[in-house]
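Open the model in your viewer and keep the selection tool at hand. Each stop below says what to select and what is there.

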Amino acid sequence: MPIYNAPLADMKFILNNVFNAEQFWQSNENLAHLDAATAEAILEEMAKFSQNVTLPLNRSGDEEGAHFENGAVTTPAGFKEAFKQYAEGGWIGLGADEEWGGQGMPKMLTVLADEMLFATNPSFMLYPLLSVGAGMALNSYASQEQKETYLPKIYSGEWSGTMCLTEPHAGTDLGIIKTKAEPNADGTYNITGTKIFITGGDHDLAENIIHLVLAKTPDAPAGSRGISLFIVPKFMVNADGSLGERNTAGPGSIEHKMGIKASATCVMNFDAAKGFLVGKENEGLAAMFVMMNYERLSMGIQGLGASEYAYQNAAQYATDRLQGRSAAGVQSPSKPADSILVHGDVRRMLLNARANNEASRAFAVYVGQQLDITKFSTDPEAVAKANNRVALLTPIAKAYLTDTAFNAAIDAQMVFGGHGYIREWGMEQCVRDLRIAQIYEGTNGVQSQDLIGRKTIKCNGEFIAEYISEIRDFANGLDTDLNFIKDATLDVATEVDMITQHVLERAKENVEFSNAAAVDYLHAVGLLSFAYMFARIANAAKSKEGQFYQDKLALTHYFIQRILPDLHARVAKIKAGSEVIMNFSEDYFTTQS
C-alpha cells in the first residue's frame with residue numbers, strides 16, 4: 001500500500017525559519033491572533049486527518065469512482081463520512097473570515113494544509129476546494145444579504161459551491177458563452193444553458209449546492225464585457241434559511257476521465273433555473289476571477305502534493321529494492337544485491353523530485369504571504385506592491401509548479417520500473433490524477449500567455465522588474481559563505497532581465513512572437529523563482545547545526561548544478577523566435593506524407 005508521511009519538519013522550517021512567519025503575523029494587527037505554536041498544531045492535526053482518513057480512501061475512490069444514476073451523483077464509499085469529519089473539524093473555513101464562521105487563518109498556513117490533502121486524496125480535496133473558492137467570490141462581490149444567506153452554510157460544510165464557466169463551445173474564450181439570464185419582475189433571473197467540466201456539480205456530500213454561473217442578459221455587450229455572475233442554488237432557500245423546492249438545475253451526466261475519478265465532473269443543465277445576480281450586470285468575470293485565481297494557486301499546490309507523495313514512495317522503494325551492484329564495488333555484502341540507491345540515475349530522479357518539492361513549497365508559502373498582505377495589510381503601498389506580485393506569480397504558481405511536479409511524478413514512477421506501471425504501487429494513479437492540474441483552470445499554455453502578455457508586455461515589464469529587484473536585493477545581502485547561491489541567483493536574475501527586454505522588443509516587431517515564446521519564458525521565470533527560494537532556504541539553514549540543515553545546503557548545490565542550467569536552453573528557444581514555428585502552413589499539419 002502506498003505510504004505518506006506529512007513533511008511537517010520541512011513545513012515548519014519554511015514557515016518559521018525561511019519566512020519568519022510568526023514575526024510577520026504578529027506585526028499585523030489582523031493576524032496577531034496567530035503564533036507559531038498554534039500554526040504547528042493546525043498542521044499536525046491536518047497531518048493526522050490526511051494520513052488516517054483521506055489516504056486510505058484514495059485508491060478505493062479511484063477504483064469505484066463517482067456514480068451517476070437517475071439524475072443524481074453519489075460519491076465513493078467513505079467520502080461522505082470523511083467530508084462530514086472534515087467539515088466538523090472546521091477545515092473548510094480555515095482561511096475564511098470569522099464573521100462567516102471561519103477561522104481567519106492566513107494563506108501562508110492554509111497552503112500547507114492543502115498540500116497534505118492534495119497529496120493523499122486529490123479527488124476528495126476538490127469538493128471543499130470549490131466551496132472555498134465560491135465563498136471567496138461571494139465575500140468579495142455579493143450583497144450583505146447574500147453573504148448572510150450562503151457563506152455560513154458553505155463554510156460549515158452544510159452546503160457546497162461550484163464555479164460554472166465552461167460550455168461545450170467556449171473554454172478559454174468565455175466571451176462567446178451562450179448561457180442566458182432572462183430577468184424576472186421580482187429581480188431574479190431565469191438561467192438557461194449548458195455548462196461542462198463542472199467539478200462537484202452534483203454529489204451527496206452536502207444538502208445543498210450553490211452554483212456560481214456565468215451568463216449573459218438579453219442586452220449584454222458582446223464579448224467578455226457582457227458576462228454576469230449568478231447564484232443558482234440546487235435547492236431554493238426559504239426566507240428562514242430552510243431549503244425549499246428543487247431548482248431546475250442539475251447534472252445531465254458525469255465525465256469518464258483519465259484521473260481524479262472520485263471527483264464528479266458534471267455536465268450541468270440549467271433549464272430556466274432561478275438565479276440571483278451577484279454584484280452588477282456585465283461585471284461577472286471580475287467576480288469569478290477572484291475564485292479562478294484562488295483555484296490556480298491551488299492547482300500548483302495539487303502538483304506539490306502529488307510530487308511529495310510520489311517522491312516519498314519512490315524513495316522508500318529505492319531503499320528496499322535490491323538489484324545489481326554498485327559500480328564502485330559491493331555496498332551491502334550481507335545482501336544478495338545492493339539497493340538501487342547506489343545508481344546515480346536513480347538518485348538523479350529522486351533528487352530532481354526532492355528539489356522540486358522543497359522549492360515549490362517555499363514558493364507556495366511566498367505567494368501565500370503576498371496574498372496575506374493584500375488581504376490583511378493596512379499599508380496601501382504594501383497592498384499595491386503585493387497585488388502586482390500576485391498578478392505576476394499566479395500563472396507561475398499554477399503552471400510551473402504543475403509542470404515540474406508532473407515531471408517529478410514521472411521520474412518517481414520510473415524509479416519503480418515495471419512496478420510503477422502497476423496499480424497496487426500507487427504511482428500510475430498519481431500520474432493520472434496529477435495530469436489534470438496542468439489542464440484545468442486555464443491550461444499551462446494559457447497561463448504562459450497570461451504571464452508574457454498581460455503580466456509582462458502589457459505593463460512594459462514593470463511587474464517582473466520589481467520582482468527581479470527584490471531578488472537582487474536579497475541575494476546581495478547574503479553572507480560570503482553563501483556565494484555559491486548568491487552568484488547563481490544574481491546570474492539568473494540578469495539573464496531573465498535580459499531575455500525580458502528581448503521579449504519586449506521582439507513583441508513590438510512581431511505579434512506572433514510572444515505566443516511562441518510564452519512557455520519557455522514562464523519556465524525561465526520559474527527557474528529564477530526557484531533559485532530565489534533556494535537562496536532563502538540556504539540562508540535560513542546556514543547557521544544551524546544538524547543533518548537536516550546540512551541537507552538543505554546540499555540540495556541547494558544540487559539545484560544550482562543540475563537543474564538551474566536548464567535556463568540557458570529556455571533562453572535559446574526564446575531567441576529562436578516564432579518564424580521557425582509559424583512558417584509551416586496549416587495544411588502541413590493534416591497532410592499525410
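How much space lies in the largest cavity? About 90 Å³. Keep in mind throughout that this is a predicted model.

**Stop 1: the largest cavity**

A search of the whole structure turns up 3 cavities of 30 Å³ or more. Go to the largest one. Select N58, F118, A119, P122, Q302, A306, Y309, G426, Q429, C430, D433 and L434. These residues line the largest cavity. The lining has 7 nonpolar residues, 4 polar ones and 1 charged one.

Next, show the helices around this lining. Three of them supply at least two lining residues each: α6 (107-120), α9 (284-320) and α12 (427-435). Which helix gives the largest share? It is α12, with 4 residues.

**Stop 2: helix α6**

Stay with one of those helices and select α6, residues 107-120. Is α6 mostly covered or mostly uncovered? Mostly covered: 14 of its 14 residues are buried. Then check its length between the end C-alpha atoms. They are 20 Å apart. The 14 residues should span 20 Å at 1.5 Å a residue, so the two values agree.

**Stop 3: helix α1**

Select residues 8-18, which form helix α1. Which of its residues are buried? They are L8, D10, M11, F13, I14, L15 and V18.

Step past the end of α1 to N20. This residue follows the helix and has a positive phi, near 45 degrees.

**Stop 4**

Select I260. It sits in the loop between β10 (249-254) and β11 (265-278). I260 is not a glycine, yet its phi is positive, about 35 degrees. Is I260 buried or exposed? Its relative accessible area is 4%, under the 20% cut-off, so I260 is buried.

Move on to N282, in the loop between β11 and α9. N282 is not a glycine either, and its phi is positive at about 70 degrees. Its relative accessibility is 26%, so N282 counts as partly exposed.

**Stop 5**

Select Q438, in the loop between α12 and α13. Its relative accessibility is 11%, so Q438 counts as buried. What does Q438 touch, leaving aside neighbours within four places in sequence? Its contacts are K398, T402, D403, F406, T443 and N444. Show all six together with Q438.

**Stop 6: D450 in helix α13**

Finish in α13, residues 444-457, and select D450. D450 has 9% relative accessibility, so it counts as buried. Beyond its neighbours within four places in sequence, D450 is in contact with P395 and K455. Zoom in on the second of these. The side chains of D450 and K455 are joined by a polar contact of 2.8 Å.

D450 and F270 are 180 residues apart along the chain, and their C-alpha atoms are separated by 31 Å.

Terms used
Residues are numbered from 1 along each chain as its sequence is written. This is a predicted model: local features need pLDDT of at least 70, side-chain atom pairs count only at pLDDT 80 or more; totals for chains, interfaces and linings use all residues. Side-chain values use heavy atoms; hydrogens and water are left out. On a 1 Å grid over the protein atoms alone, a cavity is a set of points where a 1.4 Å probe fits but cannot get out, and a pocket is an open set with protein on both sides within 12 Å along at least five of seven lines; lining residues have an atom within 4 Å of a point. Grid points are joined across faces, edges and corners, and a volume is the space filled by probe spheres set on the points. Ala, Val, Leu, Ile, Met, Phe, Trp, Tyr, Cys and Pro count as nonpolar, Asp, Glu, Lys and Arg as charged, and the others, Gly among them, as polar. The expected span of a helix is 1.5 Å times one less than its number of residues. Buried means under 20% relative accessible area, exposed over 50%, partly exposed in between (1.4 Å probe, protein chains only). Contact means heavy atoms within 4.5 Å. A polar contact is a pair of N or O atoms within 3.5 Å; within protein, one must be able to donate a hydrogen and the other to accept it, and residues adjacent in sequence count only if both atoms are side-chain atoms.
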